[in-house]
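Welcome! Have the sequence and the 3D view open side by side, and let us walk through them together.

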Amino acid sequence: MSHSPQAQHCNTMAEVRSHIDALDERITALLVERTHYMSQAARIKQDVTKVHDQERIEFIAARVRRMATELGGQPDVLEAAYRALMDASIAFEHREFARLREGAAA
C-alpha cells in the first residue's frame, strides 16, 4: 500500500454526503468490474462445488483486514462489507453457473 487515503475536512453534512456520493460512483464502477470477473469464474469453473471456496473467502477477508489496517482504516467494517459482498457474489456465481449450463444439460 502506497499511502493512507485521507478524507477531506467537512463542515456540513452536505459536504460529507457530496464526498460519499462521489466515492460511491467510483466504488460502484469497481464492483461492477469485479462482478464481471465472477461471471468469468462461473464460466471457467467446471464443478459447482468449486463456486463456494471457503479457503479463498478467508484469504480475501484476512487480506482486506490487513490492507485496511495498513491504510489506517477500520478492519472490522471492511471485513463485514467484504463478507457481504462475497456472499452476494457467490449467490450470483451460482445463478450464472446454472444459467451457462442450462442448454448443455438438455
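**Salt bridges, helices and a core**

Arg65 has a relative accessible area of 27%, so this residue counts as partly exposed. Keep in mind as you look around that the model is predicted. The side chain of Arg65 meets that of Asp76 in a salt bridge, with 2.9 Å from N to O. This pair links distant parts of the chain, since Arg65 sits in helix H2 and Asp76 in helix H3, 11 residues apart. Asp76 is exposed, at 55% relative accessible area.

Now follow helix H3 to another pair. Glu79 and Arg83 also join their side chains in a salt bridge, here at 2.8 Å from N to O. Both belong to helix H3 and lie 4 residues apart, about one turn of the helix. In an α-helix there are 3.6 residues a turn, so residues three or four places apart point the same way. Glu79 counts as buried at 18% relative accessibility, because buried means under 20%. Arg83, at 26%, is partly exposed. Beyond its sequence neighbours up to four places away, Arg83 touches Ile57, Glu58 and Ala61. Step back and you can see a network of salt bridges that links Glu58, Arg65, Asp76, Glu79 and Arg83.

How many salt bridges does the structure hold? There are 6. One of them joins Lys45 and Glu93, whose closest N and O atoms are 2.9 Å apart. Lys45 belongs to the loop between H1 and H2 while Glu93 is in helix H3, so this pair ties together parts that are 48 residues apart in sequence. Glu93 is buried, with a relative accessible area of 1%, whereas Lys45 is partly exposed at 23%.

Next, look for the largest nonpolar core. It has 8 residues: Ala42, Val51, Ile57, Ile60, Val64, Met86, Ile90 and Phe97. Helices H2 (54-70) and H3 (75-105) are the elements that give two or more residues to this core. Setting aside residues up to four places away in sequence, Ile90 touches Val51, His52 and Ile57. Glu96, found in helix H3, is buried with a relative accessible area of 11%. Ser39 and Ala42 are its contacts once neighbours within four places are left aside.

Finally, turn to helix H1, where Met38, Ala41 and Ala42 are buried. The 32 residues of H1 should span 46 Å at 1.5 Å a residue, and the end C-alpha atoms are 45 Å apart, which agrees. Ile27 is found in this helix, residues 13-44, and is partly exposed at 43% relative accessibility. Together with Leu23 and Leu31, Ile27 forms a nonpolar surface patch of about 240 Å² of accessible area.

Definitions and conventions: Residues are numbered from 1 along each chain as its sequence is written. This is a predicted model: local features need pLDDT of at least 70, side-chain atom pairs count only at pLDDT 80 or more; totals for chains, interfaces and linings use all residues. Side-chain values use heavy atoms; hydrogens and water are left out. A nonpolar core is a set of buried Ala, Val, Leu, Ile, Met, Phe, Trp, Tyr and Cys residues joined through side-chain atoms within 4.5 Å. Buried means under 20% relative accessible area, exposed over 50%, partly exposed in between (1.4 Å probe, protein chains only). Contact means heavy atoms within 4.5 Å. Patches are made of residues with over 30% relative accessible area and no salt bridge: like charges are joined within 9 Å, nonpolar side chains (Val, Leu, Ile, Met, Phe, Trp, Tyr) within 5 Å. Accessible areas come from the Shrake-Rupley method with a 1.4 Å probe; for residues, only the protein chains shown count as cover. A salt bridge is a side-chain nitrogen of Lys or Arg within 4 Å of a carboxyl oxygen of Asp or Glu. The expected span of a helix is 1.5 Å times one less than its number of residues.
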